[in-house]
Amino acid sequence: MNSSSSPLGIAYLLLAAASAQLLGAAEDQTPPGGQTNVSLSVMPSAKRAPWQERFTLGPGDTLNLVLLNPDMPETARTEVPVGPDGRITFLQARDVMAAGLTVDELRAKVDEALAKFYQNPRTAITPVAYRSKQYIMLGSVVSKGVFTFDRPVTSIAALARAGGLETGLYEQRTVELADLPHSFLVRRGQRVPVDFERLFQHGDLSQNVPLEPDDYLYFASASANEIYVLGEIAAPGVVAFAPKTTAISAIATRGGFTTRAFRSRVLVVRGSLNNPETFVVDTAAILKGKAQDFKLQPRDIVYVNQNPWVSASEVLDIAARAFVQGFTVEATALKVGPIFNWPQWGANRTQPLIK
């Protein structure tokens, strides 16, 4: 009898059909304007992100498995979860590591384990649900939390999925409560250069980047009038803005300089993280009464470096990254170590900037 007409063959075809249906759900939709997002598996290789080129399994994913053995028709196992330890169990193949493997690689591993009990085993594995690939959204969005990649997701799609930006009433008008110039996307320990202001206020779709697993999106609050004092400060963190707040008063509020601080060139960053305006403040001269104190504005970033520098551009990137690091730790209320690869960013941090 032809295997495709046997009960086992029909079961295998049904599993294959389920797999095709799952992959079909992952196909991206073509939005108005003709732009197409990245697909999980069905688009040409050149149009897929590296993580999609080798799509691996992880904890939380579920699988259907069946041993293609005509003498053992009752081997099918449905919705087998990949456990928190990254392992699965199927028949005599116990605690097989699935995390980090593709479906084909896992199939080979399972067949290898079952070869001790069956002659030339052939296992069919069909993904039922992908839940291990996730991204995080926090800040001024309606629905904060962890979201799974059940299909390709861009910045716009992620915000829509989170219910959009939070809104409030201002002078009897409904306004969005996000500070887009200070919002950011972090990927693998680095800030992705995305201009959310251009994307959401000017419709620049070149800024609508596809997300990747473990991406972190934060939309800062526009209602918080704060100053961010970072770098070589005794207690780096946030200072509430007041009309007369100056560079010296903000630094003093956070405990003053550390012994390593270079006081002659303190950088003040104002405006968008992508197109900032910078000011160099000689706090050493101010403290000696030889210069006037520098007046701050809401959401200014005051960054104190530990080494001399020539131009603002030399330390601007470090200041922006220090802001993202510190703001992330504060916003998530976690007393954790750095989430960024500081050596690549030109700073040697071993403690979080916000405590």
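Tutor: Let us begin with a definition: a residue is buried under 20% relative accessible area, exposed over 50% and partly exposed in between, using a 1.4 Å probe and protein chains only. This is a predicted model, in which local features need pLDDT of at least 70, side-chain atom pairs count only at pLDDT 80 or more, and totals for chains, interfaces and linings use all residues. Residues are numbered from 1 along each chain as its sequence is written, and side-chain values use heavy atoms, with hydrogens and water left out.

Student: Why is Thr56 called buried?

Tutor: The relative accessibility of Thr56 is 13%, and buried means under 20%; therefore Thr56 counts as buried. Thr56 belongs to the loop between helix H2 (50–53) and E1. Helices (H or I, at least four residues) and strands (E, at least two) are DSSP runs, numbered from the N terminus.

Student: What does Thr56 touch, leaving out residues up to four places away in sequence?

Tutor: Thr56 touches Asp61, Gly100, Leu101, Thr102 and Lys133. Contact here means heavy atoms within 4.5 Å.

Student: How many salt bridges does the structure hold?

Tutor: There are 13 salt bridges. One of them joins Glu166 to Lys144, with 2.9 Å between the closest N and O atoms.

Student: Where in the chain do Glu166 and Lys144 lie?

Tutor: Glu166 is in the loop between helix H4 (155–161) and strand E8 (167–170), and Lys144 is in the loop between strand E6 (134–139) and strand E7 (145–148). The pair links distant parts of the chain, 22 residues apart. Glu166 has 26% relative accessibility and counts as partly exposed; Lys144, at 43%, is also partly exposed.

Student: How do you know that Arg187 and Asp215 form a salt bridge?

Tutor: Their closest N and O atoms are 2.7 Å apart, and the limit is 4 Å. Arg187 lies in strand E10 (residues 184–187) and Asp215 in the loop between helix H5 (196–202) and strand E12 (216–219), so the pair ties together parts that are 28 residues apart in sequence. Salt bridges with shared partners join Arg187, Arg188, Glu212 and Asp215 into one network.

Student: Are Arg187 and Asp215 buried or exposed?

Tutor: Arg187 is buried at 14% relative accessibility, and Asp215 is buried at 1%.

Student: What makes a group of residues a nonpolar core?

Tutor: A nonpolar core is a set of buried Ala, Val, Leu, Ile, Met, Phe, Trp, Tyr and Cys residues joined through side-chain atoms within 4.5 Å. The largest one here has 43 residues, of which Ile88, Leu106, Val110, Met137 and Phe219 touch the most other members. H3 gives the most to this core, with four residues. A second, separate core of 22 residues includes Phe184, Leu230, Val315 and Ala320.

Student: Why is Asp300 called buried?

Tutor: Its relative accessibility is 0%, and the cut-off is under 20%; therefore Asp300 counts as buried. Asp300 lies in the loop between helix H7 (283–287) and strand E17 (301–304). Leaving aside residues up to four places away in sequence, Asp300 touches Glu226, Ile227, Tyr228, Val268, Val269 and Arg270.

Definitions and conventions
Salt bridge = Lys/Arg side-chain N within 4 Å of Asp/Glu carboxyl O.
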